[in-house]
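Visitor: I'm new to this one, and I'd like a close look at a single part. Could you pick a strand and show me what surrounds it?

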Amino acid sequence: MPSGLIRVGMTWEQYLNLDEPRLSEYYAGALVVVPHNSPRHRRLSDRLAEILQSYHPEGTQVTRGWGWSPDGVRERLVPDLMVHAADDVRPNVSGPPALVVDIRTSRPHDDHVAKAERYAAWGAPAYWLVDPDRPVLVTHELRGGRYAQSGRWSGGRVRLSYAGIEVPVDLSELFG
């Protein structure tokens, strides 16, 4: 599969009638198919999910590869990781997650910007972008309907936070 995204213009109704819409995203009037993630991407996602499993608020759960489609919104995104209400267990999370995490892949920068803008508009209070190529983890907080960078870390032991929860992370181990 090519390293870039595959976009196919279609209506929301056409998207919903696909055989496997859960394996893709839909926004800006197009089906968006994400290339297969690399083993490095999967390892990073596994490690970060394991860490978040140890530090998530009561009444929430950590999920990987679940869709998020807020009620009344005709779009669907699939963050790498989400921490969301444990009772929001439909095929797509509908309420805003406490935390959304994307791990940068070969996607164009514009794709991450478009997704972050939607996460903010949909009300996710915290967004982390992980870039394994640099390696760096950038945290964002929702302020006035937009994300403001709240931290940028590239090594060592750090304490990240979201929803009032502190998450100790050894970035050397995470990216190792």
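A strand and its surroundings

Guide: Let's start with strand β9, which is joined to strand β10 (residues 136–143) by 6 bridges, the two running antiparallel. Keep in mind that this is a predicted model. Getting from β9 to β10 takes a hairpin of 4 residues. Across this pairing, Leu129 stands opposite Val138 in β10.

β9 also pairs with β8: there are 4 bridges, and here the strands run parallel.

Now for the side chains. In a regular strand they alternate between the two faces of the sheet. You can follow that along β9: Ala126, Trp128 and Val130 point one way, while Tyr127, Leu129 and Asp131 point the other. As for cover, 6 of the 6 residues in β9 are buried, Asp131 included.

Let's take the Trp128 direction now. The ring of Trp128 pairs with that of Tyr162: the centres are 6.0 Å apart and the planes sit at 85°, so this is an edge-to-face pair. It links distant parts of the chain, with Trp128 in β9 (residues 126–131) and Tyr162 in strand β12 (residues 157–162), 34 residues apart. Both partners are buried.

Those two residues show up again in the largest nonpolar core, which has 24 residues; Trp128 and Tyr162, along with Leu52, have the most contacts inside it. β9 and β12 are among the elements that give two or more residues to this core, and so are α2 (39–54), β6 (81–85) and β8 (99–103). The largest share is the 5 residues from α2. Zoom in on Tyr162 and, leaving aside neighbours within four places in sequence, you'll find contacts with Leu52, Val83, Leu99, Ala126 and Val167, among others.

Apart from that core lies another one, of 17 residues, including Leu77, Tyr119, Trp122 and Tyr147.

Altogether the structure holds 8 aromatic pairs. Take Trp68 and Tyr119, with ring centres 5.9 Å apart and planes at 15°, so they count as stacked. Trp68 lies in strand β5 (residues 67–68) and Tyr119 in helix α3 (residues 109–121), so the pair ties together parts 51 residues apart in sequence. Trp68 has 0% relative accessibility and counts as buried. Tyr119 is buried as well, again with a relative accessible area of 0%.

One last stop, at Arg118, which also has its place in α3. Arg118 has a relative accessible area of 17% and is buried, because the cut-off for that is under 20%. Its side chain reaches the backbone oxygen of Ala114 at 3.2 Å. Not counting residues up to four places away in sequence, Arg118 touches Tyr27, Ala28, Glu75 and Leu77. You've met Leu77 already, in the core of 17 residues.

Technical notes. Residues are numbered from 1 along each chain as its sequence is written. This is a predicted model: local features need pLDDT of at least 70, side-chain atom pairs count only at pLDDT 80 or more; totals for chains, interfaces and linings use all residues. Side-chain values use heavy atoms; hydrogens and water are left out. Rings of Phe, Tyr and Trp (its six-membered ring) pair if their centres lie within 6.5 Å; planes under 30 degrees apart count as stacked, over 60 as edge-to-face and the rest as tilted. Buried means under 20% relative accessible area, exposed over 50%, partly exposed in between (1.4 Å probe, protein chains only). A nonpolar core is a set of buried Ala, Val, Leu, Ile, Met, Phe, Trp, Tyr and Cys residues joined through side-chain atoms within 4.5 Å. Contact means heavy atoms within 4.5 Å. A polar contact is a pair of N or O atoms within 3.5 Å; within protein, one must be able to donate a hydrogen and the other to accept it, and residues adjacent in sequence count only if both atoms are side-chain atoms. Two strands pair if DSSP finds at least two bridges between them.
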